[in-house]
Amino acid sequence: MDLLKERILKDGTVKAGNVLKVDMFLNHQIDVKLLDEIGCEFKRLFGDKQITKILTIEASGIAVACAAAMHFDDVPVVFAKKAQSINLDGESYSTKIESFTHKKVYDVIVSKKYIKPDDKILIIDDFLANGCALLGLIDLVKSAGASVEGIGIVIEKGFQSGGKTIREMGLNLKSLAIIDSMDDTTGKIVFRE
Ligand code: 5GP
């Protein structure tokens, strides 16, 4: 998606530790018009699937998931919550996710009320790095007996392992921008064609 790539080149900054900061338009300040274009692109990519729910993880996935949902017809967004401690009352599905940016393992939950076995799920997130967040979300969907119809990512860091792992699982993963390399000393970002 050219608009997104141009914006990453203009406003993204490469930090040490393979972190791309996009606080200017995605992760802190949000460019809602750009998000709307992103949502429109996800609809183009996954509109042929009979999606019944969009699933993401708090916090930064929520805005992207909502932007996508605006382009689908009557499709709610469900966001998995990071819990301090899991309440094992049988009301929620839970999994563990290691945060790439904070290097912390979170328990992540979603209420059984919001994912049902007949749901066809589109998973959406802002970044794909090593794939922990996505593997956790896929695990939640599987626990509910629902199906993953597609996975939409705004920025995939293609030099990290997540994309390969998820594609090898046979899942329909589409990323709007894939970064093949980035350098925190020069700031250079190279996209996959
Ligand atoms: P993964 O679980 O695939 O290793 O990492 C994905 C999650 O970590 C995303 O939900 C995103 O919030 C965060 N993340 C991973 N890499 C980056 C990055 O380079 N920049 C930002 N802003 N977030 C990232």
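The legends below describe a predicted model of a protein with a ligand.

**View 1. The whole protein in outline.** The protein holds 6 helices and 10 strands, where helices (H or I, at least four residues) and strands (E, at least two) are DSSP runs numbered from the N terminus. Its C-alpha trace spans about 50 × 35 × 35 Å along the principal axes. Residues are numbered from 1 along each chain as its sequence is written, and side-chain values use heavy atoms, with hydrogens and water left out. Because the model is predicted, local features need pLDDT of at least 70 and side-chain atom pairs count only at pLDDT 80 or more, whereas totals for chains, interfaces and linings use all residues.

**View 2. The shell around the ligand.** The ligand is surrounded by 17 residues, the closest being Leu20, Asp125, Gly131, Ala133 and Lys157, and a residue counts as near if one of its heavy atoms lies within 4 Å. At least two shell residues come from each of β2 (19-21), β7 (120-128) and α5 (132-143), and β7 gives the largest share, with 4 residues.

View 3. Oxygen atoms of the ligand lie 2.8 Å from a polar side-chain atom of aspartate 125, 3.4 Å from a polar side-chain atom of aspartate 126 and 2.7 Å from a polar backbone atom of glycine 131; a polar contact here is a pair of N or O atoms within 3.5 Å. The protein covers 90% of the 510 Å² of accessible area that the ligand has on its own, as computed by the Shrake-Rupley method with a 1.4 Å probe.

Key:
A polar contact is a pair of N or O atoms within 3.5 Å; within protein, one must be able to donate a hydrogen and the other to accept it, and residues adjacent in sequence count only if both atoms are side-chain atoms.
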